[in-house]
Amino acid sequence: MEYAPARFHASARTQPEQGDDFAYTPENQAKFDANVRRYPPEQRKSAILYALYLAQAQQGYLTGGAMRHVAHQIGCTAAEVEDVVSYYTMFFTKPVGRYVLNVCRTLSCALLGAERVTEALSEALGIRPGETDPTGTFTLLEVECLGACDRAPVVMVNDDWQERLAPGQVLDFLHQLHARGPVSLTGCHLHREGDRGTGDRGKGEGG
Amino acid sequence: MAYEPVLTKHINQPNSYTLDFYVENQSGYQALRKALPLQPNDIIEQIKASGLRGRGGAGFPTGMKWQFVLKDTPKPKYICCNADESEPGTFKDHVLMERNPHLLIEGCAISCYAIGAKVAYIYIRGEFYHVQQILEAELEKAYRAGYLGRNILGSGFDCDVYVHRGAGAYEAGEETALIESLEGKRAQPRIKPPFPAVAGLYQCPTAVNNVETLCNVPLIVLNGPEWFTKLGPEKNGGPKLFCISGHVKNPGVYEASMDTTLRELIYGHAGGMIDDRPLKAIIPGGSSVPLLLPEQLDTPASFDHIQKVGSLLGSAGLIVMNDTVCMVWLAMNLLHFYRHESCGKCTPCREGCDWLFKLLARVEAGEGQSKDLDLLFGVSSNIVGKTLCAFGDAAATPVLSTMKLFRPEYEAHVREGRCTLPAEWRASRLALAH
């Protein structure tokens, strides 16, 4: 291993894509105004994550314009907003596909085949983790523990979940998601009414 | 004597999360009714007498934590409920919030009353969006029924509980980093002291408690501290949720008292090993704690017993591994996690995790030299104890623990120039996205 290679010393600040002028829709403005009331009046900055989620939901990803708008809403600088955006993994600063496939890669999921799930998704979509397929439908990401280790391997699709996705089921999973949308996902087992809460390793499942 | 679950008794029933169900089948805010006429300090004394220890990982006595919260101050006080649940192998708070949210809401209200706070924030991880929806809907119902809001149950006590959604950061589970994140900043830990009990959220006195901890509060108020201490071994009383994942037949969340042994949890509750393969190692308390071996299976899963055999109960996330798991790969997998999640504030952790991961990837790929093994040990030893929060120690643990228990595996990788235990469940091409 090379000690302190030259790239360690290169400093390059990547500017966020500026994008078009951005402003909340009246609906999102109302949501923000309601949320910010949860915090003391002098602590508007506490609403920054919520404000960013709203902007991201409205535009798909966060541009410089969106960050400036959030800064204006919060009453802080755009640099402070960028500081926050660059820290948290759930904010995107580049366009993503309609479905963002977040494959959990941490230990419990990996023990039950998560690496092979990523491999199979990567092969099927012809993209590497971090990339979006040419049709703009799927973005493939590897993420760290999602907190659903009993249903490994887990894939978070946008805000929804697919549990126990075996490597061999990947093609069908993609096909179903493409054809039927998020209703094809298993969702969280706890969220499904009448499902057992613990244990219950179903027959014919798993990889 | 068969253990009767109290936290999760009803979670498998339809509508267990609703207010109506909670009122009909569980305490139904009776604990809050019982608590409000008491002096706040009496509640703290009850929690102290129960010996309730924090369920988030550190096992610190909750009553003491509350007692430290500054009393004589004109500033508002806060309860922050830590629902960030991001320790790998842990998924218990998820179950409580999704299937028994009113127990948590009641716990928040009583805790606020006990420390003199009027607001509680439940900091939930961003990935739990579906859980948040349930929680917010049920909070709304609790408000409408008069269990939250102004003048609760005619007592003159006001309390608001809000959900705050995080956005993907393991470090936000550390209490001061959680506070920073709640304040709208990067989730990075603060220098302590001052502790949150003195200067926490918005520099006001704050108690940060885990979801499962707060869920125990109504039960103690209702059933008394003695009931709580009698469940389980001395100083390790009360119901406990164990998350079992990995190579077991029935992974899931199981409630038991802390005199239950690891063997009973793995071979009883979780149904034993998949395909009855031999067990190789267990991580008993989330990825940040040292490994245990099969010969330690008869240890009761309590804070103190697990510590006595050289590990920690932590968040009670048991990750069970069979004989197909390569221990160098395991350390590499976890260091990938820690490298990604290190918040970057302290140099030993930020640089050390990256360095460790690269070394492990090299050894795992069969390109390591024996001096790399000494370097692994040196780098991890130099992270331990040199960071602001416990993250640094946690990140070094998988390396130090696997090297201590499975050093011959590391040496075999170097000697043979390949991974000596490549399992079929791993990717055929190593390091897809590094």
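**A parallel sheet in chain B**

In this predicted model, Y123(B) has H164(B) of β3(B) as its bridge partner. The two strands concerned, β2 (residues 119–124) of chain B and β3(B), pair in the parallel sense over six bridges. On this sheet packs the helix α7(B), which touches β2 and β3 of chain B and whose direction makes about 165 degrees with that of β3(B).

Taken as a whole, the sheet is an open one of four strands, with parallel pairing and the order β3-β2-β1-β4 (chain B). Its edges are formed by β3 and β4 (206–210) of chain B, each of which pairs on one side only, and from one strand to the next the twist averages 20 degrees.

**The contact between chains A and B**

Chain B contributes 63 residues to the contact, and chain A contributes 52 residues. On the side of chain B that touches chain A, the elements giving two or more residues include the helices α5 (92–99), α7 (129–144), α14 (327–341) and α15 (347–364) of chain B, together with the strands β3 (160–165), β5 (239–246), β6 (252–257) and β8 (317–322) of chain B. Of these, α14(B) gives the most, with six residues.

Sorted by class, this side of chain B has 28 nonpolar residues, 20 polar residues and 15 charged residues.

**The organisation of chain A**

Chain A holds seven helices and four strands, and from the N terminus on its elements run α-α-α-α-β-α-α-β-β-β-α. The chain is divided into domain 1 (26–85) and domain 2 (99–184), and the C-alpha centres of domain 1 of chain A and domain 2 of chain A lie 29 Å apart.

**Burial and contact range in chain A**

Of the 207 residues that make up chain A, 43% count as buried. When the contacts within chain A between residues at least 6 apart in sequence are considered, 62% of them join residues at least 24 apart.

Key
Residues numbered from 1 in each chain as written. Chains lettered and ligands numbered in written order. Predicted model: local features only at pLDDT ≥ 70, side-chain atom pairs only at ≥ 80, totals over all residues. Contact = placed C-beta atoms within 7 Å. Nonpolar A, V, L, I, M, F, W, Y, C, P; charged D, E, K, R; others polar. Domains from an automatic or database assignment. Buried ≥ 20, exposed ≤ 12 C-beta atoms within 10 Å, placed from the backbone. Pairing = 2+ DSSP bridges. Axes fitted to C-alpha atoms, helices over the stretch in contact; angles between N-to-C directions.
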